[in-house]
Amino acid sequence: MKLLKNAAYAIVFIVVYGTTNFCVAQNSNARITIQKQAPFKVNSASFQEWYAGIKVGGTGINIFLPITDVAQNVEITHVYFRNLTGELIKIKGTYSAQLKTDSPYYTFTKPEAPADYPFKLKDNECVVAYNENGKAKYFKITKITEFAGTYYENGPPAIYARKNAKDIVAIEDENIDK
C-alpha cells in the first residue's frame with residue numbers, strides 16, 4: 001500500500017512538473033515573434049564555410065548580409081544561422097559575422113542546437129536580431145546563397161576590424177630581416 005501511495009505521488013509530481021515546464025517553454029518561445037517586414041532592406045545574403053588547417057583553428061561560417069535603408073531608430077545586432085549565433089558587424093555597407101564551431105574536425109558539420117536556441121531554421125534560412133526603439137525584434141531571411149568553402153592553412157583570419165578593440169598584439173623577432 002505504501003509503495004502504491006509513493007507511486008501515485010511520483011506520478012502527480014511528474015505530471016505537474018512536466019505541465020509547468022511545458023507552459024514555461026511555450027511562454028519563452030511565445031515572446032519571440034518574427035516580423036513580417038523589417039525596417040531595412042536585405043540584398044542577396046550569402047555565406048561561406050571555412051576550414052582551418054590547424055586543430056585549434058576549427059571550422060565555421062562567414063555570413064554576409066548586405067543590409068541597406070536602415071531606419072535611424074534601428075540597431076542591427078546578431079544573426080542566427082545553422083544553430084550558431086554571431087554578432088553582426090558593419091564593414092563597408094555589409095553586415096557580416098564569423099560563426100565558429102567547437103568542432104575539432106577539419107570539415108564543417110552543423111552543430112546540434114543548444115537547448116536555449118530560439119529558432120528552428122532550414123539550412124538556407126537565418127534570423128537577424130535588431131533593436132527598434134530599444135525593443136528586440138527578429139526578421140527571417142529565407143534565401144541565402146552559398147559560396148564555395150575556403151581553406152585557411154594557418155587558421156582563420158581576423159577578417160573583422162572591431163571599432164572598440166582594446167588589445168593589440170605585437171611580435172618581436174630579432175631574426176626577421178629588415
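Here is a walk through this structure, from the overall fold to its aromatic rings. The model is predicted, so local features need pLDDT of at least 70 and side-chain atom pairs count only at pLDDT 80 or more, while totals for chains, interfaces and linings use all residues. Residues are numbered from 1 along each chain as its sequence is written, and side-chain values use heavy atoms, leaving out hydrogens and water.

Let's start with the fold. The protein chain has 1 helix and 12 strands, these being DSSP runs numbered from the N terminus (helices are H or I, at least four residues; strands are E, at least two). Along the sequence, the pattern reads α-β-β-β-β-β-β-β-β-β-β-β-β. Of the chain's 178 residues, 31% count as buried, meaning under 20% relative accessible area with a 1.4 Å probe, protein chains only.

Now for the rings. The whole structure holds 7 aromatic pairs; rings of Phe, Tyr and Trp (its six-membered ring) pair if their centres lie within 6.5 Å, and planes under 30 degrees apart count as stacked, over 60 as edge-to-face and the rest as tilted. One of them is Phe-40 with Phe-139, edge-to-face at 6.0 Å centre to centre and 85° between the planes. Phe-40 sits in the loop between strand 1 (34-35) and strand 2 (41-42) and Phe-139 in strand 11 (residues 135-141), so this pair ties together parts 99 residues apart in sequence. Both Phe-40 and Phe-139 are buried.

Tyr-80 and Tyr-117 are also edge-to-face, because their ring centres are 5.8 Å apart and their planes at 75°.

Terms used
Buried means under 20% relative accessible area, exposed over 50%, partly exposed in between (1.4 Å probe, protein chains only).
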